[in-house]
Amino acid sequence: MKEITVHNQEHLEEAIAKFQSSRHCVALTGAGISVESGIDDFRSPGGLWSKFPPDEYGTITVFLTDPEKAWKLFRSLGRGLLGKVPNRAHRVLAQLEDMKLLKGVVTQNIDNLHQDAGSNIVLEIHGNHHYLQCLGCGDVCVPPDNVLTSENVPLCRHCNRALKPNVVLFGENVRQLDEIYDLLRHCDLLMVIGTSAQVYPAAALPEQVKHSGGLIFEFNIEETVLTHGGAGGRAGSDYFFNGSASAMLQLLLNGNSANQ
Ligand code: APR
């Protein structure tokens, strides 16, 4: 079925009716949900990858062979997250969880803003920037205060190896995949919010939900590879909310309350 772009009351009411009849709704979020908190995304013009090409700075190989270089990216990423707070989109998802209308959030983001907004079930497929990890001895620790200002690569207190943020770099395995598959097993509605849907395995999750008969609601300021689906039998969105995450999620929340 071709996706419906929600741009009139009739489509909105239709989408809200589908939302209200869902029994196991889950949200999948990307960097776009945090843009309104002042955090650049990765692939939009001026995004992080335009300043630090991912294959030059963002892979595990670069970290292992040239940690000084990798830490240039990590410091810029860390500074971009400093002092940022959740926006309305994060808060709407926390509210929907409270109202038992959302089972949980699977996020590609490392910024901890879902938890800061009050969401309890948050599965972080790419880790969390709040900690540093040692790939040598496995230690996970709180970063030293000067981690974003010092030019030195932070070293492990146990084995003296270079530390990295506790996030997933390209070439590393993702996190919490079993918990994510468990959360999606009975998912009948996946809300895909602020992601370009290009990075796997997260980008395969809408397919999985669609495959088991679930619906896809997509929220984005622009169309993505998911919107029309198609290429290689790829699943597409059923409803496309073309606008900012905060405005479109608020629309859904308001509509839901109005239809109670
Ligand atoms: N509201 C809704 N969508 C938005 C907004 C907004 N205010 N601002 C930007 N977007 C959309 C963009 O149009 C884009 O489709 O968010 C998407 C962000 O896409 P990416 O920058 O590719 O980020 P993401 O999809 O999260 O990247 C996935 O790739 O780089 C790796 O590990 C990194 O987790 C990241 C993963």
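Colleague: How many residues does helix α5 have, and how far does α5 reach from its first C-alpha to its last?

Modeller: Keep in mind that this is a predicted model. Helix α5 covers residues 67-81, so to speak a run of 15 residues, and reaches 21 Å, close to the 21 Å expected at 1.5 Å a residue.

Colleague: Which residues of α5 are buried?

Modeller: The general idea comes before the case. An α-helix has 3.6 residues a turn, so residues three or four places apart point the same way. Now look at α5: P67, A70, W71, L73, F74, R75, G78 and L81 are buried.

Colleague: What do the buried residues of α5 pack against?

Modeller: Their partners are both helices and strands: α2 (48-51), α3 (54-57) and α4 (60-65), plus β5 (127-133) and β7 (164-167).

Colleague: Which side chains have an N or O atom by an oxygen atom of the ligand?

Modeller: For a polar contact, look for a pair of N or O atoms within 3.5 Å. The side chain of R43 has such an atom 2.7 Å from a ligand oxygen, and for the side chain of T195 the distance is 2.6 Å. E222 also puts a polar side-chain atom 3.4 Å from an oxygen of the ligand. As for cover, the ligand taken alone exposes 730 Å², and the protein buries 95% of that.

Conventions. Residues are numbered from 1 along each chain as its sequence is written. This is a predicted model: local features need pLDDT of at least 70, side-chain atom pairs count only at pLDDT 80 or more; totals for chains, interfaces and linings use all residues. Side-chain values use heavy atoms; hydrogens and water are left out. A polar contact is a pair of N or O atoms within 3.5 Å; within protein, one must be able to donate a hydrogen and the other to accept it, and residues adjacent in sequence count only if both atoms are side-chain atoms. Accessible areas come from the Shrake-Rupley method with a 1.4 Å probe; for residues, only the protein chains shown count as cover. Helices (H or I, at least four residues) and strands (E, at least two) are DSSP runs, numbered from the N terminus. The expected span of a helix is 1.5 Å times one less than its number of residues. Buried means under 20% relative accessible area, exposed over 50%, partly exposed in between (1.4 Å probe, protein chains only). Contact means heavy atoms within 4.5 Å.
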